[in-house]
Amino acid sequence: MEQNYIQSQNPKYQLYQKKYQKQYWLKNKEKRRQQQKIIYLKIKNDKLLWAEHLKIGRKSAFRCYNRKKEIVFNAYRNKCNCCGENIKEFLTIDHVNNDGKIHRLSVKAGFALFNWAIKNNFPSSLQLLCWNCNMAKRWTGICPHELYKP
C-alpha cells in the first residue's frame, strides 16, 4: 500500500498515467460512453441513488476545495498580514494592489483563484487578510491597523 502511494506521488508516474488514460479513453470512446450512459440512467431513475450521487459529488468537491485552500493559506503563513489574526474561518485572500475585480474577471474566484495562486507559485500580489481588515481596506482604502501602527 505504501509503495503504491509513493509511486502515485511520482510526477513521472502521474504523467504516464495521464497519457495512458487518455489513450485508453480515445481507443474505447464508444464503450465508455455506453457504460456511463447505463450508470447515469440507473442512478437518474432511482431518486434515492440520485440524491446520494449528488451528495457524494458535493462532499468530494468540498474536500478538494478545502485541500487547495489549505495549501494556499499555508503558503501565506496562515495569518492576517495586517493584524496577525490566525483563526482560519476569519481569513480571506486579498489582492495587494486592489485589482481583485479585474483579476477575477480573468481567473474567477474561489477554487480557480486557489489553483491560479498555486500554479503561479504564490505571487506577492496576493495576501491573507482577516475579514475585518479586508473590508476596512475595501471601503476606506487602508486598514485601521495601519493608521495606529507605531
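Where is the place of aspartate 94? Aspartate 94 lies in strand β1; helices (H or I, at least four residues) and strands (E, at least two) are DSSP runs, numbered from the N terminus. The model is predicted, so local features need pLDDT of at least 70 and side-chain atom pairs count only at pLDDT 80 or more, while totals for chains, interfaces and linings use all residues. Residues are numbered from 1 along each chain as its sequence is written, and side-chain values use heavy atoms, with hydrogens and water left out.

Aspartate 94 counts as buried because its relative accessibility is 6%; buried means under 20% relative accessible area, exposed over 50%, and partly exposed in between, with a 1.4 Å probe and protein chains only. The side chain of aspartate 94 makes a polar contact of 2.7 Å with that of glutamine 127, and another of 2.5 Å with that of lysine 137. A polar contact is a pair of N or O atoms within 3.5 Å; within protein, one must be able to donate a hydrogen and the other to accept it, and residues adjacent in sequence count only if both atoms are side-chain atoms. Not counting residues up to four places away in sequence, aspartate 94 touches Ser125, Leu126, Gln127, Leu129, Asn134 and Lys137, where contact means heavy atoms within 4.5 Å.

Leucine 129 counts as buried because its relative accessibility is 4%. Leaving aside neighbours within four places in sequence, leucine 129 is in contact with Cys80, Asn81, Cys82, Phe90, Leu91, Thr92, Asp94, Asn134 and Lys137. The C-alpha atoms of leucine 129 and glycine 84 are separated by 8.5 Å, although the two residues are 45 residues apart along the chain.

The next topic is empty space. Rolling a probe the size of a water molecule over the atoms shows where such space is left. Here the search runs on a 1 Å grid over the protein atoms alone: a pocket is an open set of points where a 1.4 Å probe fits, with protein on both sides within 12 Å along at least five of seven lines, and lining residues have an atom within 4 Å of a point. Grid points are joined across faces, edges and corners, and a volume is the space filled by probe spheres set on the points.

The largest pocket has a volume of about 510 Å³. It is lined by 21 residues, of which Ile93, Asp94, His95, Arg104 and Asn134 are the closest to its centre. Two or more lining residues come from each of α4 (47-75), β1 (91-95), α5 (100-107), α6 (111-119) and α7 (131-140). The lining of the largest pocket divides into nine nonpolar, six polar and six charged residues; Ala, Val, Leu, Ile, Met, Phe, Trp, Tyr, Cys and Pro count as nonpolar, Asp, Glu, Lys and Arg as charged, and the others, Gly among them, as polar.

The second largest pocket has a volume of about 150 Å³. Its lining consists of Asn81, Cys82, Gln127, Leu129, Lys137, Gly141, Ile142, Cys143 and Glu146, which divide into four nonpolar, three polar and two charged residues.

Helix α6 has Leu113, Phe114, Asn115 and Ala117 as its buried residues, and what covers them includes α4, β1, α5 and β2. After α6 comes asparagine 121, with a positive phi near 60°, in the loop between α6 and β2 (126-130). Asparagine 121 is exposed, because its relative accessible area is 62%.

Arginine 77, in the loop between α4 and β1, is a residue other than glycine with a positive phi, near 70°. Arginine 77 counts as exposed because its relative accessibility is 56%. In helix α4 itself is leucine 49, which counts as partly exposed because its relative accessibility is 43%. Leaving aside neighbours within four places in sequence, leucine 49 is in contact with Lys42 and Ile43.

Helix α2 is hardly covered: the count of buried residues among its 17 residues is zero. How far apart are the end C-alpha atoms of α2 (residues 11-27)? They are 24 Å apart, which agrees with the 24 Å that 17 residues should span at 1.5 Å a residue; the expected span of a helix is 1.5 Å times one less than its number of residues.
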